[in-house]
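Please keep the view beside you as you read.

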Amino acid sequence: MAASILSTSCFVLPTKMKAVSLQATAMASTCPSYFSISTANTTTFSSLSFSSGLSHNVFNRGCLSTSTVQRPIRHSIVCEAAPKKKADSAAKRARQAEKRRIYNKSRKSEVRTRMKKVLEALNELKKRPEAQPEEVLPIEKLIAEAYSVIDKAVKVGTLHRNTGARRKSRLARNKRAVEIHHGWYTPTSAVAG
């Protein structure tokens, strides 16, 4: 194996060097003290590779000279269309919940109002001793409107179906109690018993 000694008197490469080229000239005449190779016999190095984008050339006997290569300046323009910031999901859910709360509140209020009107009309009818059976007809109209509102509230999910059924049953029970009180209706269990 051939031993090689590199003298480092001026073997400093510039940091911004883009390429390295080798000149194959006589060593003694061209560059006497800059770069010298002393070996036992005259061997040649096959190749010398440089990192960081430097070109590699065959390293024959010669002098090392450096030159900077001018490259065109590249201007890159980055166009980025900034998308709209995505809404925070928790904030959106809170807005939706508030909207639904107000909507459901008005539906429930309407159900309570209709039920209250029916129950007040039934109580007034129950208190009068000389009431006629025809006086139940306007109350039945109010009951039908209350049923409609309750069914709509159940359909859109404001009320549970069991709650809707319980409210309708309450209205029907009160109407039946008024009819029994005045003697306009007799239950089948009372007739049989």
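A salt bridge here is a side-chain nitrogen of Lys or Arg within 4 Å of a carboxyl oxygen of Asp or Glu. The model is a predicted one, in which local features need pLDDT of at least 70 and side-chain atom pairs count only at pLDDT 80 or more, while totals for chains, interfaces and linings use all residues. Residues are numbered from 1 along each chain as its sequence is written, and side-chain values use heavy atoms, leaving out hydrogens and water.

**Salt bridges**

By this rule the count comes to eight salt bridges. Three of them are set out below.

| Glu98 | Arg101 | 2.8 Å |

Lys175 is buried (under 20% relative accessible area; exposed is over 50%, partly exposed in between, with a 1.4 Å probe and protein chains only), at a relative accessible area of 18%. Through shared partners, salt bridges join Glu140, Lys175, Arg176 and Glu179 into one network.

Glu98 and Arg101 sit three residues apart in helix α2, so about one helical turn separates them. Glu98 is partly exposed at 36% relative accessibility, and Arg101 is partly exposed at 43%. In the remaining pair of the table, Glu135 is partly exposed at 22% and Arg128 is partly exposed at 40%.

**Fold and core**

Now for the wider picture. The chain has five helices and two strands, taken as DSSP runs numbered from the N terminus (helices H or I, at least four residues; strands E, at least two). From the N terminus on, the order is β-α-β-α-α-α-α. Of the 193 residues in the chain, 17% are buried.

A nonpolar core is a set of buried Ala, Val, Leu, Ile, Met, Phe, Trp, Tyr and Cys residues joined through side-chain atoms within 4.5 Å. In the largest such core, with 17 residues, Val111, Val118, Leu125 and Leu171 touch the most other members. Two or more residues each come from α2 (89-127), α3 (136-156) and α4 (161-182), and α3 gives the most, with seven.

Which residues does Val118 touch, not counting those up to four places away in sequence? They are Leu142, Ile143, Ala146 and Leu171, where contact means heavy atoms within 4.5 Å.
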